[in-house]
Each structure stands twice: as C-alpha cells, then as structure tokens.
Number of protein chains: 2
Amino acid sequence: MSPNKLPRHKAVVIAILHSADRLRRQATEMLAPHDITLQQFNVLRILRGARPDGLCTLTIAERMIEETPGVTRLIDRLEKKGLVRRVRSAEDRRQVWCRITPAGERLLARLDDPVEAFDRAAVHGLSPADQDHLTALLGQLHGEPI
Amino acid sequence: MSPNKLPRHKAVVIAILHSADRLRRQATEMLAPHDITLQQFNVLRILRGARPDGLCTLTIAERMIEETPGVTRLIDRLEKKGLVRRVRSAEDRRQVWCRITPAGERLLARLDDPVEAFDRAAVHGLSPADQDHLTALLGQLHGEPI
DNA sequence: TATATTTACTTGACATGTCAACTATTGATC
DNA sequence: GATCAATAGTTGACATGTCAAGTAAATATA
C-alpha cells in the first residue's frame, strides 16, 4: 500500500501531523460522552487556572494560539451550556471577562481522572527517557532555546 | 509566562499537538497565495499519484484518514476550481471516480519547489540523525512495528 | 476639546471535521 | 426473480479555524 520511501525531512513532518491527528481524535472521543469538545475543554481548563477573576477574551485567545473570532464563539457555546459566565468589565467596557461556573468546575473535576489516564495511555509506548527525548526533539524543532 | 512544570507524559502530548499546529499554520500560509488549502493540496497530491485512472471517493477518504462527507465536499470545491474532474463509474454506478485535471497538475508542478523548501525548512533545526530519531519515536508512540 | 487611532471584541462568510440520516446501487438469499 | 442487507456517496446540522469588516469604548493628538 505504501511503497513510498519518503525522504527523512518529509517523513518527520508527516509523522508529526499523523501523531497529532491521532491524539486529537482519541481525545475528542474520550470527551464526547461528556458533551464537550476538545477546544471547549481547553478553554475550561484555562479558566479554571484563572480563578477567581477569570480572563478576558483576548487573553484566552492568546493562550490558545488561536484567532479571536473562534474564541468568541467557543465561549458563546460554553456560556449556553452554563459552564462559563461572561461579564462586561466596569473599568474598560470593551473587555469581557469570562469565568468558569461551579457547573464548569464540576465537569472538569469529573474529567480529571479520565484525562490523566488518557495522557498516560497515549504515551505508554515510550519509556520515560524516550518521552523526554521526544519532547526535547520537538522543542528543538521550534528552535526552542535549550 | 509558563511556570508550569508539566509531568513528562503531558509534556509529550502538548509538544506534539503544538508542533503539528505550527506546521499546519505555516503550510497553510505557504499555500494561501495559490488559492488552495492544505487539505485540497493533499487530495491533489493523492490524485496525482493515482494517474491516469484516478481514485473513487472512499479510497481518497481512506488515504486521508478522514470521514467521507468531508471528502465529498472537499472535492466539490476542487471540481469547482477545475482542478479535479469526477465521473460516475460505468461498472459500479455507485462509485465516483476522481481524476486530477491538467490545470491541477500544473498547480502542483508550481508548488513542488516551494513545498520541498518548506519541508526542509520545517525540520532544519534538527540534524538528519535527530530527524530519523524523531520519526522513529513518533512511530513507536503509535505502537508501530519496529 | 474635537478628531484620529488603537483596542477589544463581534459578526459574516467560507473551508473543514464529524455525526446522523437518506439515496442509489449492487450483491446475497430465499 | 423479489426482498433484504451491504456499499458508495450525498446532504443536513453543528463545532471550529480564519479572514475581512463592523462596532463600541478608550487613548493619543492636534
């Protein structure tokens, strides 16, 4: 089926994209029974880490490395589900502060164990040393300072 | 900014997702001036590799590890741009054969050099040995036979 | 202080990923 | 040969990513 012996630089790129795809699919599948998507889960975790004040929309977007419009609508859905509440800032009325609700925190609490198990299972094919090595190689790829 | 010392198994997962995200964005940016998206480019390359017969929709979907509905609409757009042509099969009238057009081939020909340069640049932070190592580690992660 | 610029979002439009449901065929079975 | 099941796609609906434009409020400037 795949007789193609790829040059090494193409093989790396494809391997990274495939691995990420697989991880995303598996994570999405794990979260589906809880009626939450991977991105919604990420936003909730970011907001849990920002209690009790919450964060304004642009800050959330920055942390997700994503464009703002997507974040606005993502939070629209989280608010509709009652997992996040938004309040317009009094000091700067352009800003909208987003906070996780108790219901959001309860959902995350239910997910903590499954997510931990997922992360461990996802990398269980590698020894701890190889895990560190993989992380380091991906960091170097970014031109990350060593 | 990131004071969080992540446990190694979470660090790996996040590193993979971040690297893939970065690659996807950069690739999309490189292709944008040519009015083609990354997925459309992938389908075109698959179809170039399947000349002259082409492939039927489900086969393309398999090779892209994607759900069929997405592929149908992806090819709708490629056909609208004149880069792909579809013909219903005579032997099995359920099947639709998709072939790249001369215009599609010309587009890919224009892209070959930039794409090659992109792939090389994307991994230039790693030595050839490290590139191989990275590919191998990602393969092991999948539980790939060694 | 009136105007111009910047900032923080929001909205609209389109590409894509994915599930569910539907259509058209083909193949299998009685 | 008629009926049922499996196969190949398509369509509808919704989440998301992204660009371009628009809105409202704050800030800088003349």
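Over how many bridges do strand S2 (residues 84-88) of chain A and S3(A) pair in the antiparallel sense? The two strands are joined by five bridges, strands being DSSP runs of E with at least two residues and helices DSSP runs of H or I with at least four, both numbered from the N terminus. The model is predicted, so that local features need pLDDT of at least 70 and side-chain atom pairs count only at pLDDT 80 or more, whereas totals for chains, interfaces and linings use all residues. Residues are numbered from 1 along each chain as its sequence is written, and chains are lettered from A and ligands numbered from 1 in the order in which they are written.

In chain B, three strands form an open sheet in the order S1-S3-S2, with antiparallel pairing. Its edge strands, each pairing on one side only, are S1 (55-56) and S2 (84-88). Two bridges connect S1(B) with strand S3 (residues 96-100) of chain B, and B:Cys56 has B:Trp97 as its bridge partner in S3(B). H2(B) packs on this sheet and touches S1, S2 and S3 of chain B, its direction making about 95 degrees with that of S3(B). Contact here denotes C-beta atoms, placed from the backbone, within 7 Å of each other. H4(B) lies across S2 and S3 of chain B and runs at about 115 degrees to S2(B).

Two further helices of chain B pack together. The axes of H1(B) and H5(B) come within 11 Å and cross at roughly 155 degrees, axes being lines fitted to C-alpha atoms, for helices over the stretch in contact, with angles from 0 to 180 degrees between N-to-C directions. H1(B) is therefore roughly antiparallel to H5(B), a term applied to angles over 145 degrees. The contact involves B:Leu23, B:Gln26, B:Ala27 and B:Met30 of H1(B), with B:Pro114, B:Phe118 and B:Ala122 of H5(B). By class, these residues comprise six nonpolar, one polar and no charged; Ala, Val, Leu, Ile, Met, Phe, Trp, Tyr, Cys and Pro count as nonpolar, Asp, Glu, Lys and Arg as charged, and the others, Gly among them, as polar.

The contact between the chains takes 35 residues from chain B and 35 residues from chain A. On the side of chain B, helix H1 (8-31), helix H5 (102-122) and helix H6 (128-141) each give two or more residues. H1(B) supplies the largest share, 14 residues. This side divides into 17 nonpolar, 10 polar and eight charged residues.

Around DNA strand D, the nearest of the 23 residues are A:Gly70, B:Cys56, B:Leu58, B:Pro69 and B:Thr72. Here the largest share, five residues, comes from H4(A), and the classes number six nonpolar, eight polar and nine charged.

How values were computed:
Near = placed C-beta within 6 Å. Contact = placed C-beta atoms within 7 Å. Parallel < 35°, antiparallel > 145°, perpendicular 65-115°, else oblique. Pairing = 2+ DSSP bridges.
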